Amino acid sequence: MLNELRDEIYSDAVKHGLWDDGYLWKMLRSNDCLRDSGILQIHKIANTEKETKRVNATLRVFLENEELLESVLEEDEEDHFREELADVIITALSAAGYLGIDIDKAVRKKMEINRGREWRHGK
């Protein structure tokens, strides 16, 4: 089920140019937090196309999480928070499509790991 949604979201993102290098870097460079932190420099140390794509995907997901965090501070904006949370999920699934990750399998595997993990407070 997640892979179907991943494919639909990624296809739409590609159609709109959201994973094009030019658009991606314009968006990343325009973000003050990323630009000022120097984190964009990690792109320069990526040695392969695969590493570069993982950096691109990570930075895109980071930007969506940043917008979600900002929406938490907006009082009485429950709809905006919902939209930003949905954008985080959409971006994560799009990144999975961009990277060719079987996200359904990855999520199920991670859930299994989490089930066997000792949680805080002994629960």
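**Figure legends: close-up views**

**View 1. Trp19 and Tyr98 are both buried.** Buried stands for under 20% relative accessible area, exposed for over 50% and partly exposed for what lies in between (1.4 Å probe, protein chains only). This is a predicted model, in which local features need pLDDT of at least 70 and side-chain atom pairs count only at pLDDT 80 or more, while totals for chains, interfaces and linings use all residues. Residues are numbered from 1 along each chain as its sequence is written, and side-chain values use heavy atoms, leaving out hydrogens and water. The structure holds one aromatic pair. Its partners are Trp19 and Tyr98, stacked at 4.0 Å centre to centre with 15° between the planes. Rings of Phe, Tyr and Trp (its six-membered ring) pair when their centres lie within 6.5 Å, and planes under 30 degrees apart are stacked, over 60 edge-to-face and otherwise tilted. Distant parts of the chain are linked here: Trp19 sits in the loop between α1 (2-15) and α2, and Tyr98 in helix α6 (residues 78-99), 79 residues apart.

**View 2. The protein chain has seven helices and zero strands.** Helices (H or I, at least four residues) and strands (E, at least two) are DSSP runs, numbered from the N terminus. Zooming out for a moment, the C-alpha atoms fill a box of roughly 45 × 40 × 30 Å along the principal axes. Of the 123 residues in the chain, 30% are buried. Among contacts (heavy atoms within 4.5 Å) between residues at least 6 apart in sequence, 63% join residues at least 24 apart.

**View 3. Helices α1 and α6 cross at roughly 85°, their axes coming within 8 Å.** α1 is therefore roughly perpendicular to α6. Axes are lines fitted to C-alpha atoms, for helices over the stretch in contact, with angles from 0 to 180 degrees between N-to-C directions. Under 35 degrees is roughly parallel, over 145 roughly antiparallel, 65 to 115 roughly perpendicular, and the rest oblique. On the α1 side, look for Leu2, Leu5, Arg6, Ile9, Tyr10 and Ala13, which meet Ile90, Leu93, Ser94, Ala96, Gly97 and Tyr98 of α6. This contact has nine nonpolar, two polar and one charged residues. Ala, Val, Leu, Ile, Met, Phe, Trp, Tyr, Cys and Pro count as nonpolar, Asp, Glu, Lys and Arg as charged, and the others, Gly among them, as polar.

**View 4. Helices α5 and α6 pack at about 175°, with axes 8 Å apart.** That angle makes α5 roughly antiparallel to α6. Among the α5 residues in the contact are Lys53, Ala57, Val61, Leu68 and Val72, while α6 contributes residues including Phe81, Leu85, Val88, Ala92 and Tyr98. By class, the contact of α5 with α6 has eleven nonpolar, five polar and seven charged residues.

**View 5. Helix α2 (residues 21-29) crosses helix α5 (residues 49-72) at roughly 45°, the axes coming within 11 Å.** α2 is therefore oblique to α5. The crossing is left-handed; that is, the near helix is turned anticlockwise from the far one by less than a right angle, whereas clockwise would be right-handed. Asp21, Leu24, Trp25, Met27 and Leu28 of α2 meet Asn56, Leu59, Arg60 and Leu63 of α5. These divide into six nonpolar, one polar and two charged residues.

**View 6. Asp36 lies in helix α3 (residues 32-37).** Asp36 counts as exposed because its relative accessibility is 60%. From Asp36 to Thr91, the separation is 55 residues in sequence and 23 Å in space, C-alpha to C-alpha.
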